[in-house]
Amino acid sequence: MAIPFNLTPALPEMTLLVSACVVLIVDLFVPESRRQISYWLTQLGLLATAWFSLYVFHETPVHTFGGTFIADALADLLKFFSCITVILTLLYSRVYLAARGLFRGETFVLMMFSLLGMMVMISAGHFLTLYLGLELMSLSLYAMVALQRDSDVAVEASMKYFVLGALASGLLLYGMSMVYGATGSLDIDRVAVSVFTGNANRTILVFGLVFVVSAIAFKLAAVPYHMWVPDVYEGAPTAVTLFIGSAPELAAFAFAIRLLVGSLAAMWVDWQGMLIVLALLSMIVGNVVAIAQSNVKRMLAYSTIANMGYMLMGFLTANVNGYSAAMFYTLTYVLTTLVGFGIVLLLSRRGFEADQLDDFKGLNQRSPWYALMMLLVMFSLAGIPPTVGFYAKFAVIEAAIDVGLVWLAVIAVLTSLIGAFYYLRIVKLMYFDEAQDQTPLEARFDTRVLLSLNGLALLLFGVFPQQLMGMCVVALTRSY
Amino acid sequence: MVGPLKATTVLPYLSLAIWVPVAAGILVLALHRDRDAAAARWLALVGALAGFAVTLPLYAHFLIGTAEMQFVEAVEWIPRFNVNYLLGVDGISLPLILLNSFITVLVVWAGWVVIQSRVAQYMAAFLIMSGLTNGVFAALDGVLFYVFFEAMLVPLYLIIGIWGGPNRVYAAIKFFLYTLLGSLLMLVALIYLYSISGGSFSILEWYQLPLSLKTQILLFVAFFAAFSVKVPMWPVHTWLPDAHTEAPTGGSVVLAAITLKVGGYGFIRFVLPILPDASHYLSGFMIALSLIAIVYIGFVALVQPDMKRLIAYSSISHMGFVTLGLFLFSAMGVEGGLVQMISHGFVSAALFLCVGVLYDRMHSRQIADYGGVVNTMPKFAAFAMLFAMANSGLPGTSGFVGEFMVVLASVKANFWLGFLAATIMILGAAYTLWMYKRVWYGQVGNAHVAALKDLSQREFWLLGALVLAVLALGVYPKPFTDVMHASVADLLAHVAQSKL
């Protein structure tokens with residue numbers, strides 16, 4: 001029997017699915033003392049997936065499975081970066097997970113399924129594919145947050161995440177049904193055509209758009225859909241927080257691109273106004289509330305909210321320039337978050353969560369190298385050159401000014417000044433204060449090497465940002 | 001596209017001036033263990049000397065009589081935004097680069113004995129800072145300038161915060177946020193200029209860009225926010241006394257001698273030529289702020305009980321002279337402002353080093369804790385006398401040249417303006433000499449003063465080098481002013497030409 005579809009574009013997804021199943025089965029037979037076998041199998045599967053994502057690289061968009069699956073340059077790159085992000089997440093959190101009894105097959109498999117969901121979302125060519133990917137990702141995440149069954153905070157966070165997430169999915173489905181009602185199709189390309197030719201009922205479309213944008217805002221953690229973020233970040237085990245704060249941001253970016261640019265590009269005048277409000281509120285609320293936090297994870301949660309506000313500014317231009325700025329922002333943000341949480345994970349020990357700001361006190365005396373890495377993270381988040389965060393802010397501000405929104409750019413820089421205050425506070429704790437505990441941080445050799453490379457990448461891309469920026473432009477021009 | 005500027009040198013002296021100190025700083029950072037402290041010091045000194053050495057050819061090969069950018073280096077950097085690695089110097093930036101590299105050597109040497117904790121990080125911070133500052137003065141691309149301008153804050157923030165006085169954390173954060181606020185607004189202005197110039201970040205191309213008065217005024221406000229904080233002008237000066245007082249001696253020296261000059265330089269490089277009409281339109285405002293700085297801050301300096309605070313206020317007052325000179329739009333005024341910047345670089349550095357000498361021995365900056373130091377430290381008192389005189393603008397010292405030129409230019413513009421500006425001669429002499437009297441003259445104040453030891457060899461040569469610089473610039477400023485003439489004339493031509 002001949003297979004009616006071209007399967008090659010979905011090679012990365014299939015690889016990941018197979019590896020997830022293999023790990024699931026192998027883990028059943030692996031004794032507790034040999035758990036690293038599942039771990040290495042997972043890493044191998046992820047590496048293979050990352051490799052296949054680039055192997056199938058598509059110069060021009062390819063549709064398969066009856067148009068429900070798109071493979072284009074953007075998707076391939078985002079999938080590759082998501083895989084790398086998950087690999088690093090798993091690597092950084094290995095010791096942390098082991099110390100808390102979470103170094104188990106379930107964790108690995110959930111991470112892989114969540115990643116699979118993200119990859120399906122990234123490649124979605126149909127609203128239902130998008131929804132399917134979103135749910136696969138989210139359900140795995142809910143379970144991951146609650147991995148520590150005996151922790152009240154974790155369970156509460158998981159519950160909140162689930163309820164609010166379900167609400168967001170409901171909003172999304174409702175919005176999609178409106179779009180379906182107006183255009184008569186759920187296929188992203190066909191929706192785009194009907195919206196563009198003006199055959200669709202505009203009132204219904206705008207009504208649907210409001211719900212779709214709300215769902216996007218929920219996934220991106222934009223104000224006022226941000227309530228879940230601080231609680232989930234704080235409640236989840238730090239390793240899971242790192243997972244939630246990194247790869248899903250890339251998927252959320254793809255989610256926004258597929259919906260707003262892929263299918264509803266012709267309505268950019270309508271969604272531009274909504275995004276301005278979301279961006280503005282996120283930048284202000286995120287940065288201002290972050291000041292009051294004494295918990296690092298909560299602080300970084302509000303920092304995520306603020307950063308997604310900046311990222312949304314890239315969408316305002318409604319052209320490839322702006323989208324590529326937003327993509328660059330997301331990529332660099334994920335790169336930065338990885339190092340930041342990586343260091344929080346190193347600070348934690350068995351039975352001790354280093355989630356208070358004061359735990360950073362005197363880090364420069366304890367471990368000057370990791371303090372320097374954290375310094376780079378903080379300056380990158382604050383947007384101070386020569387770290388990569390500066391060019392990310394630079395590109396989105398340029399996008400805003402490009403469409404004449406100078407006032408928004410001014411508010412953006414003023415809020416980033418507020419942001420600088422709380423990022424500097426961590427630098428102050430690390431460098432100016434005395435350490436309470438003089439023991440240097442310990443890390444496995446592979447973690448040490450990769451965390452250092454990851455940290456130095458913030459500086460390297462800060463000095464030579466062209467490669468990464470150019471890549472974002474190329475990926476988006478080839479896809480749209 | 002890299003623009004009309006083509007590379008003009010065989011050896012990239014400007015890149016060397018930037019990256020030699022930075023590379024040396026990174027190397028020093030590797031010697032972070034306490035037992036390597038001596039090696040770190042020597043490596044830092046070698047790095048600073050090498051950094052100074054590579055700037056000397058800039059002066060030797062500099063062509064006097066042309067306003068063109070020299071030693072130009074142009075390399076594509078971020079084609080995505082048409083950002084280029086574009087470097088060049090003219091007669092305005094060259095003296096500042098020389099000053100910066102020279103002061104760095106002194107600062108490294110000044111921290112030789114005093115700094116005992118985290119020596120490598122201290123030295124590295126100053127070296128990296130020095131390279132970045134050279135970058136600020138040499139950059140001809142808006143983004144490149146901004147990157148250096150902003151990156152400069154990071155080492156200084158750490159210097160104040162780690163090695164500073166008791167209230168250092170407050171001072172460091174205040175310093176950082178204050179200056180960041182200004183520079184972020186400038187970033188918006190730079191991107192706006194990029195957007196309306198059709199995609200160019202070249203500063204020299206912006207000189208030709210027609211702009212309406214309204215746009216010019218808005219851009220002026222943004223640039224003013226960045227540079228007035230750096231200068232600092234009244235009323236955004238309040239970070240400076242805190243930062244100066246809390247910073248270690250080396251930090252104060254660099255702040256006063258170099259960082260403040262970046263503000264003045266910014267006005268010359270960006271505001272005057274890019275926004276000539278707004279500059280004329282708002283010159284009354286700028287002159288008023290400058291005069292307030294000169295007179296009011298002069299009085300504030302008079303009553304300071306803390307020596308470092310007093311010199312900090314004196315710096316603000318003297319920098320008021322720079323902005324006053326620039327916004328008179330005459331060759332005399334602008335050149336006077338420039339000479340004042342260089343001279344203030346030497347004199348304020350020297351005064352802070354003098355306070356450092358006393359502080360290292362007595363661990364107090366309070367004037368009241370001293371008295372009669374001349375009896376126990378005669379050599380030191382002689383040096384301090386000369387620097388106090390230079391700070392008061394005594395003829396024959398560098399302080400006189402710039403002040404005299406600016407006063408002359410202001411009298412030409414308006415008698416009362418010149419009259420008010422000239423009060424600095426009286427106020428400056430009053431607060432400096434009164435401090436001198438209370439600290440150095442009189443009976444030996446207390447047992448601690450009686451036990452003071454005179455200058456060590458190292459301190460002697462440190463201050464000696466500055467004496468030479470102050471006197472050379474005061475007696476024979478021609479080598480410096482010659483370098484400036486053509487560039488200043490060109491600058492004034494740009495300012496005179498309306499862009500409306």
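## Confidence

Chain B has a mean pLDDT of 86, and 98% of its residues score at least 70. pLDDT is the predictor's confidence in each residue, on a scale from 0 to 100. Within chain B, helix α6 (residues 142–151) has the highest mean pLDDT among the elements, 91. Helix α21 (residues 447–450) of chain B has the lowest, 77. For the model, ipTM is 0.86 and pTM is 0.90.

This is a predicted model: local features need pLDDT of at least 70, side-chain atom pairs count only at pLDDT 80 or more, and totals for chains, interfaces and linings use all residues. Residues are numbered from 1 along each chain as its sequence is written, while chains are lettered from A and ligands numbered from 1 in the order in which they are written.

## Chain A overall

Chain A contains 20 helices and two strands. Both kinds of element are DSSP runs, numbered from the N terminus: helices are H or I with at least four residues, strands are E with at least two. The C-alpha atoms of chain A fill a box of roughly 70 × 60 × 40 Å along the principal axes.

Of the 480 residues in chain A, 60% count as buried. Buried means 20 or more other C-beta atoms within 10 Å of the residue's own; exposed means 12 or fewer; partly exposed is in between, with C-beta atoms placed from the backbone. Two residues are in contact if their C-beta atoms, placed from the backbone, lie within 7 Å.

## Chain B overall

Chain B has 23 helices and two strands. Its radius of gyration is 22 Å, close to the 23 Å from the globule rule for 500 residues, so chain B is as compact as a globular protein of that length. The C-alpha trace of chain B spans about 70 × 55 × 40 Å along its principal axes.

Buried residues make up 61% of the 500 in chain B. Of the chain B contacts with a separation of 6 or more, 81% come from residues 24 or more positions apart.

## The A–B contact

The contact takes 26 residues from chain A and 26 residues from chain B. On the chain A side, the elements that give two or more residues are α16 (368–382), α17 (388–402), α18 (406–432) and α20 (466–479). Helix α18(A) gives the largest share, twelve residues. By type, the chain A side divides into 20 nonpolar, three polar and three charged residues. Here Ala, Val, Leu, Ile, Met, Phe, Trp, Tyr, Cys and Pro count as nonpolar, Asp, Glu, Lys and Arg as charged, and the others, Gly among them, as polar.

## Helix α2 of chain A

Helix α2 (residues 36–55) of chain A has 20 residues. From first C-alpha to last it reaches 28 Å, close to the 28 Å expected at 1.5 Å a residue. The expected span is 1.5 Å times one less than the number of residues.

The buried residues of α2(A) include Y39(A), L46(A) and F52(A). Down the axis of α2(A), its buried residues fall within an arc of 165°, so they line one face of the helix. The arc is that of the directions from the helix axis to the C-beta atoms. These buried residues of α2(A) pack against α1 (11–29), α3 (73–99) and α4 (105–122) of chain A.

## Local backbone features

Two peptide bonds are cis. One runs from P385(A) to P386(A), with omega near 5°. P386(A) lies in the loop between α16 and α17 of chain A. Another joins V231(B) and P232(B), with omega about -15°. P232(B) is in the loop between α10 (213–230) and α11 (239–246) of chain B.

A318(A) is not a glycine, yet its phi is positive, about 55°. A318(A) sits in the loop between α13 (296–313) and α14 (320–347) of chain A. A318(A) is buried, with 20 other C-beta atoms within 10 Å. F329(B), also not a glycine, has a positive phi near 55°. F329(B) is in the loop between α15 (307–326) and α16 (331–362) of chain B. With 19 C-beta neighbours inside 10 Å, F329(B) counts as partly exposed.

Key: The radius of gyration is taken over C-alpha atoms; the globule rule is 2.2 Å times the number of residues to the power 0.38.
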